[in-house]
Amino acid sequence: MPIVGETLLNDNPLKDFYRLPGVHTKIPTNGAFMPSDSIEFTLSKDIPVYPMRSADEMLLKSPDALMSGYALEELLKSCVPNIKQPRLISSPDLDVLLVAIRAATYGEIISFSPICPSCGVENETKRNLSYLLSTMTFVDPENVIRLTDDILVYLRPYNLANASIMGLASFEEARKLQAADVSEDDGARSKQINLSMKRITDLSEETMADCIIKIVVPDKEVTDSRHILDFTRNISKLWTEKIQAKLEEINKKGIDKSYDLKCGSCEHEWKSEIEFNPSTFFAASS
C-alpha cells in the first residue's frame, strides 16, 4: 500500500478507510524527461490520482508556498505519490495532473465566470474535466530544432522547478520596483529597473539552457550544462528566438485549455482559456 500524506501506520484499524485513487490518468510526456524510475506507472501506463486532504487545501492558500512552488510540490507528493520527484514534472504533465486532482477531489464539473470583453458581464459556464483530459496530446520524446546544417538542439519542456524559479524571481523584482517607486528617487528607480531586467534576462537564459538536453555538432554531442549555458548566452537573437519558439510549441502540448463562449447579455462571441491558478482552481465553489 503506498504512503499517502505525512505517515501511514500499517497497524491502524482505520487504514481501510484512507483515501483511494479517484482518477487514473496518463500524462503527455509519459515520463520521457524524468530520471528513470522516478514515476511508477500502472500496467496500463497511467498514474493513480488521490483526492486532496484538508492540509493540501490549506497549503494552496499560502501565497509564499505557491510562489516558491512548494505548495504544488507538496500537493503532488500527497495526491500523486507515484511521482517520486515532483519538482521535475514537465509543465504539460502538471496541467493534466492538476485537472485530475481537481476531478478526484470535487467531481468532474467545474464552474467559471469569465467576463465578456465586450460588455463586461460575467458569464457563468461549466466545463467537464473528463472531456478536458480527453483532449490530451502527447509530447514527442525527441524535440529537435536545427539551427544550421551542423547544429541540432534537443529540448525538453519546462518543469515545475523552472516555472517556480522564474515566477519567484519576477515577483521579487516587481516588489523591488514598487519600493523604488515609493522612494521617488529617479536615479534609484532607474538603477533598480536595470538590475531587475538583467536578473530576469539572466534567469531566462539559464532556464532556456536548462531545457536543452544536448547540442549535436559535427563529431560531437555536448551535454555539459556549463557549455550549453555559455552557448545560449553568446548566440544570435535569431537563434534564441528559434529555440524559444520551439519551447513554446512543446509546452503547449497536453490538454486544450481553450473554449468558445457566447455572452448571455450582448451575444458577443469570444474564446477563453481555463486558468490553472492553484489558489482559485481548487476552490470548492469554482
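**A residue and its surroundings**

Author: Leaving out residues up to four places away in sequence, D56 touches R19, E74, L75, S78 and C79. The model is a predicted one, and every value below was computed from it. D56 itself belongs to helix 1, which covers residues 54–59. D56 counts as buried because its relative accessibility is 5%, and the limit for a buried residue is under 20%. The side chain of D56 also has a polar atom that lies 2.8 Å from the backbone nitrogen of R53.

The chain around D56 may be described next. The protein chain has 286 residues, and 42% of them are buried. Its secondary structure comes to 10 helices and 10 strands. The C-alpha trace spans about 60 × 55 × 40 Å along its principal axes. Among contacts with a separation of 6 or more, 65% join residues 24 or more positions apart. The accessible surface of the chain is about 16100 Å², and carbon and sulfur atoms hold 51% of this area.

N123 is in the loop between strand 3 (109–112) and strand 4 (125–128). With a relative accessibility of 10%, N123 counts as buried. A polar atom of the N123 side chain lies 2.9 Å from the backbone oxygen of V121. When residues up to four places away are not counted, N123 touches F112, S113, P114, C116, K262, C263, G264 and W270.

F33 is placed in the loop between strand 1 (23–25) and strand 2 (47–49). The relative accessible area of F33 is 14%, so F33 is buried. Apart from neighbours within four places in sequence, F33 is in contact with S90, V139, D140, P141, N143, L155, R156, P157 and I213. F33 and P86 are 53 residues apart along the chain, and their C-alpha atoms are separated by 12 Å.

The loop that holds F33 also holds N30, between strand 1 and strand 2. N30 is partly exposed, with a relative accessible area of 42%. Its phi is near 55 degrees, a positive value in a residue other than glycine. In general, most residues other than glycine have a negative phi. D219 likewise has a positive phi, near 65 degrees, and is not a glycine. D219 lies in the loop between strand 7 (212–217) and strand 8 (220–222). With a relative accessible area of 85%, D219 is exposed.

A probe the size of a water molecule, rolled over the atoms, shows where empty space is left. The largest pocket has a volume of about 610 Å³. It is lined by 25 residues, of which S91, L94, D95, K257 and F276 are the closest to its centre. Helix 2 (63–68), helix 4 (91–106) and helix 6 (160–183) are the elements that each give two or more residues to this lining. Helix 4 contributes the largest share, with 5 residues. By type, the lining has 11 nonpolar, 7 polar and 7 charged residues.

Key. Residues are numbered from 1 along each chain as its sequence is written. This is a predicted model: local features need pLDDT of at least 70, side-chain atom pairs count only at pLDDT 80 or more; totals for chains, interfaces and linings use all residues. Side-chain values use heavy atoms; hydrogens and water are left out. On a 1 Å grid over the protein atoms alone, a cavity is a set of points where a 1.4 Å probe fits but cannot get out, and a pocket is an open set with protein on both sides within 12 Å along at least five of seven lines; lining residues have an atom within 4 Å of a point. Grid points are joined across faces, edges and corners, and a volume is the space filled by probe spheres set on the points. Helices (H or I, at least four residues) and strands (E, at least two) are DSSP runs, numbered from the N terminus. Ala, Val, Leu, Ile, Met, Phe, Trp, Tyr, Cys and Pro count as nonpolar, Asp, Glu, Lys and Arg as charged, and the others, Gly among them, as polar. Buried means under 20% relative accessible area, exposed over 50%, partly exposed in between (1.4 Å probe, protein chains only). Contact means heavy atoms within 4.5 Å. Accessible areas come from the Shrake-Rupley method with a 1.4 Å probe; for residues, only the protein chains shown count as cover. A polar contact is a pair of N or O atoms within 3.5 Å; within protein, one must be able to donate a hydrogen and the other to accept it, and residues adjacent in sequence count only if both atoms are side-chain atoms.
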